[in-house]
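Reader: Walk me through this model, feature by feature. Give me the cut-offs as we go.

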Amino acid sequence: MAERLLIRALKGGKSTKIVTLNGKNMTKMPSMLEKLPGLKTLDLQNNRIPKVCPEISTLTQFQDLKLREFYCEGNPLFLKQPVNAVKHEDIWSLQEITSRFIMNQLAEKNPFLMQAIEWYPQVRNIISQGRKCAICGKSFLTIWLECVEFFPPSKNWKISRNLQLVPLRILICSYKCFNQRNPNLFGIAQV
């Protein structure tokens, strides 16, 4: 139901100003919001969304939506409550190691790999699912750690008084990067 409403909004294209998905039992942010540059009001109240995690990859891109109104009350948003984590060594599969190497070499425009990748559509398909680490900016395939960064809503947004921080989904590639994070970034833990 929510997906159909968003697809209808996308058909409105740049002219879509309001997306209301209040009480649609959604468990995650809708994707494709960046395709609505004219979006001014986003209403996600009364769903089951734990974090602001659109397919938009960075906090800057989310804030660039130029929203005037953002409503997310009635969702079980993560709280900013740190817990201690046990350090785990980074143990990656051969596919992860190879994928990271290839994706990072392609990002550096390695001419040999740029040409060779054309001959391997299966490899292209695998690495097309890669993500960028929010800390170091390098590519990775398997999500090593999912975090949330709490940011204050834009001063231009019309919001309820009790919304002080919004949790945004952030992906990190390694424990090394996790240790370099800013103090407003928290790993998501099952407690």
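**Reading the fold**

Author: Start with burial: 39% of the 191 residues in the protein are buried, where buried means under 20% relative accessible area with a 1.4 Å probe, protein chains only. This is a predicted model, where local features need pLDDT of at least 70, side-chain atom pairs count only at pLDDT 80 or more, and totals for chains, interfaces and linings use all residues. Residues are numbered from 1 along each chain as its sequence is written, and side-chain values use heavy atoms, with hydrogens and water left out.

Reader: How many helices and strands are there in the protein?

Author: Both are DSSP runs, numbered from the N terminus: helices are H or I with at least four residues, strands are E with at least two. The protein has six helices and eight strands. From the N terminus on, the order is α-β-β-α-β-α-α-α-β-β-β-β-α-β.

Reader: What is the order of the three strands in the open sheet?

Author: Two strands pair if DSSP finds at least two bridges between them. Here the order is S1-S2-S3, with parallel pairing. Strand S1 (18-20) and strand S3 (69-71) are the edges, each pairing on one side only. Three bridges join S1 to strand S2 (residues 41-43). Val 19 has Leu 42 in S2 as its bridge partner.

Reader: How does the span of H3 from first C-alpha to last sit against the expected value?

Author: The expected span of a helix is 1.5 Å times one less than its number of residues. Helix H3 (residues 94-107) has 14 residues and reaches 20 Å, close to the 20 Å expected. Its buried residues include Ile 102, Met 103 and Leu 106. The buried residues of H3 pack against helix H4 (111-116), helix H5 (121-127) and strand S5 (139-140). Lys 109 follows H3, and its phi is positive, near 60°.

Reader: Which residues have the most contacts inside the largest nonpolar core?

Author: A nonpolar core is a set of buried Ala, Val, Leu, Ile, Met, Phe, Trp, Tyr and Cys residues joined through side-chain atoms within 4.5 Å. The largest one has 31 residues, and Leu 39, Leu 42, Leu 44, Leu 67, Phe 70, Cys 147 and Ile 172 have the most contacts inside it. Strand S6 (145-151), strand S7 (166-172) and helix H6 (175-179) each supply at least two of its residues. S7 gives the largest share, five residues. Another core, of seven residues, lies apart from it, with Ile 102, Leu 106, Leu 113 and Ile 127 among them.

Reader: What does Leu 44 touch?

Author: Contact means heavy atoms within 4.5 Å. Not counting residues up to four places away in sequence, Leu 44 touches residues including Leu 21, Met 26, Ile 49 and Phe 70.

Notes. Buried < 20%, exposed > 50% of the residue type's maximum accessible area, 1.4 Å probe, protein only.
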